[in-house]
Amino acid sequence: AVFLIGPSVQDISEQRPLNATCLVTGYNLKAFSITWKIDGKKQTAKIKTEKHLTNLNGTETMRSIMELTEDMWNKLKLVSCEVKHPCIDKPQTAEIKRTGEPTVKLLLSPTESKSENTPQNLVCSVSGFSPTIKWSSQDQPRKSKTERRAMGSDGRFIVTSELEVPRGEWDRGDVFQCEVEDPFLPNGIKHNISRCSVLQSSPKNAAVFLIGPSIQDISEQRPLNATCLVTGYNLKAFSITWKIDRKKQTDKIRTEITLKNPNGTETMRSIMELTEYTWNKLKLVSCEVKHPCIDKPQTAETKRTGFNPKQPTVVVRRSPRDNPGSDRAELECLLTGFSPSDIYVKWQVKNVDVPESQYMNEPVISENGKTRFSMVSRIYIHENQWSHLKSYKCVVNQGNGAQQFPESDANLTAKHAHNFNCHPILQKLLQKMTIQDKQYIYKDLTVTCLVIGYNLKDFSISWTVSGSLSTSSGKTQPVVNTNGTESMNSSLMVKAEEWNTYKQITCEVSHPCSDQTQKLQIAKFKDFSNPKQPTIQIFEPSESDLQNSDKAILVCLVSGFFPAEIFVKWKLNGTELSTSLYTNSPATKDPQHNTYSMDSKLQIPKSDWYKGLYACDVSHE
């Protein structure tokens, strides 16, 4: 048996003598000879063969050591030792190849802090024979935060360098470069990463609405404002530009502080003040919203010429989001299909105007290619008013500038006062899938339907699998949430053969007061046109990390996989660890290669680090 061992990382980094060792184990080794070669040429200098040693099992061990210079080790492509017995023509050979380009991976490192000022860490991982890593940004060199080196069994070095990037530089889209140099790579390798390259499409886009002065503002000679309303994620990266008849405007514009919404989105408003003269003369007003990662801005605009006026279809109804548990009802006036967008809505009871403080007109939104518009006006009515008053009227005034069109209205009459509290309200209907075993393609699984709303005890949940009603499901009792809503869920056990044959699984929620139901559907993902297996790397804590902390942190980087669904857990000596000990990041898409990457961070007491073998267990379809 012949083994060849190259110089260690420590020998190279500490400039110790570099030795290649040929280890031979067998019987009667004195009959064998050892020949050293570098790049196919026989070597005789600085070689010493030690005396044979007899092992306890009767075999013998022989070592031959060839001393190398650092220059020789960095330049050679192949080193080998040939072991030959005089009775055999063909020698036994062990070799180390040092050819081939390095492999480079540039990834985002996870961060536990949620602070907006937390730096973004980047990790550049290289596998090669003598690689070095340099960081740069904006043509300026950057110093790495940490760098670790290890050697694999194939003689390749694995170098991992981490760069800490200030949050401001990352958010504005600066490009950071990991440059790898290696003697076997004349031109080097350069990999770039930026916020724009890793950001998914949704945070780069926002919903943009433009609201012009209302008819009421014009008729009552109030200040005329055009308002640009932007809703999305991380809006501080967006900029807003106003234009009138395609000319950029800078005067009398104010942008308000960004507000955070309960659903996690943000809202930003920019307001441009107009004179009545400017508003009546202009043909087109627009606001352009741009993200630094996208070349083309998103635009909302209002045209004030070339309209063919269309009156709205007006419907007054109980609001789908009405809360039956309170002492008031919510009515909504739904206007659809009108043009132009200038419209004014008010409410009347017995032909008397309701004070504006009692109702709310939502922004006008475009529909059907911006040639038609719609909006909603909402009014709240107490139970005693619902029982005694006869009719609630929504009155609509429509116009373009000074031009007015006839009023249109719609009524809702309170004929069934006893039905005041019989109105279903469902805020959300969510669905999740629970995998019970990593070999999920062979096991049954559970699909859960989560319902959030008010007075859920009157709601019922049913399941169908490809149209067939299923009875093997259960429903939990409603639980009251901190915001006053209730939650309940129903779970269905789905057989593996149903899931793997792409059966459509449907959760349907209904209420006795309504003929309408809400549905959600789920099925196994079909489009596996180009599935890719994940690549896994584990980074263990360094000695300095262990000395400076009472915790040991291991990071498992999983990359290059498709589709995005993946399951990661940790084991110690073959036993699965608690999920409370590790955190799995969401899968992030690499737009260049149409693959995904993620990481899992395991944090354990330092004393547990020495208890055995830790494994990162990855399951993927």
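Predicted model: local features only at pLDDT ≥ 70, side-chain atom pairs only at ≥ 80, totals over all residues.

Modeller: Residues are numbered from 1 along each chain as its sequence is written, and side-chain values use heavy atoms, with hydrogens and water left out.

Biologist: How many disulfides does the structure hold?

Modeller: A disulfide is a pair of cysteine sulfur atoms within 2.5 Å. Cys22 and Cys81 form one of them, with sulfur atoms 2.2 Å apart. The number of disulfides in the structure is six.

Biologist: How many residues apart in sequence are the parts that Cys22 and Cys81 tie together?

Modeller: Strands (E, at least two residues) and helices (H or I, at least four) are DSSP runs, numbered from the N terminus. Cys22 lies in strand E2 (residues 18-26), and Cys81 lies in strand E8 (residues 78-84). The pair therefore ties together parts whose separation in sequence is 59 residues.

Biologist: Is the link of Cys124 and Cys178 right-handed or left-handed?

Modeller: Cys124 and Cys178 form a disulfide, with 1.8 Å between their sulfur atoms. Cys124 is in strand E11 (residues 120-128) and Cys178 in strand E16 (residues 176-182). The angle about their S-S bond is -60°, and the link is left-handed.

Biologist: Is Cys178 buried or exposed?

Modeller: Buried means under 20% relative accessible area, exposed means over 50%, and partly exposed is in between (1.4 Å probe, protein chains only). The relative accessible area of Cys178 is 0%. So Cys178 is buried.

Biologist: Which strand holds Cys616?

Modeller: A disulfide joins Cys616 to Cys556, at 2.1 Å from S to S. The torsion about that S-S bond is about -80°, so the disulfide is left-handed. Cys556 lies in strand E46 (residues 551-561), whereas Cys616 lies in strand E52 (residues 614-620).

Biologist: Is Cys87 buried or exposed?

Modeller: Look at its relative accessibility. For Cys87 this is 65%, so Cys87 counts as exposed.

Biologist: Which residue joins its side chain to that of Thr59 in a polar contact?

Modeller: A polar contact is a pair of N or O atoms within 3.5 Å; within protein, one must be able to donate a hydrogen and the other to accept it, and residues adjacent in sequence count only if both atoms are side-chain atoms. Thr59 is in the loop between strand E6 (53-54) and strand E7 (60-68). At 10% relative accessibility, Thr59 counts as buried. At 2.7 Å, the side-chain partner of Thr59 is Asn57.
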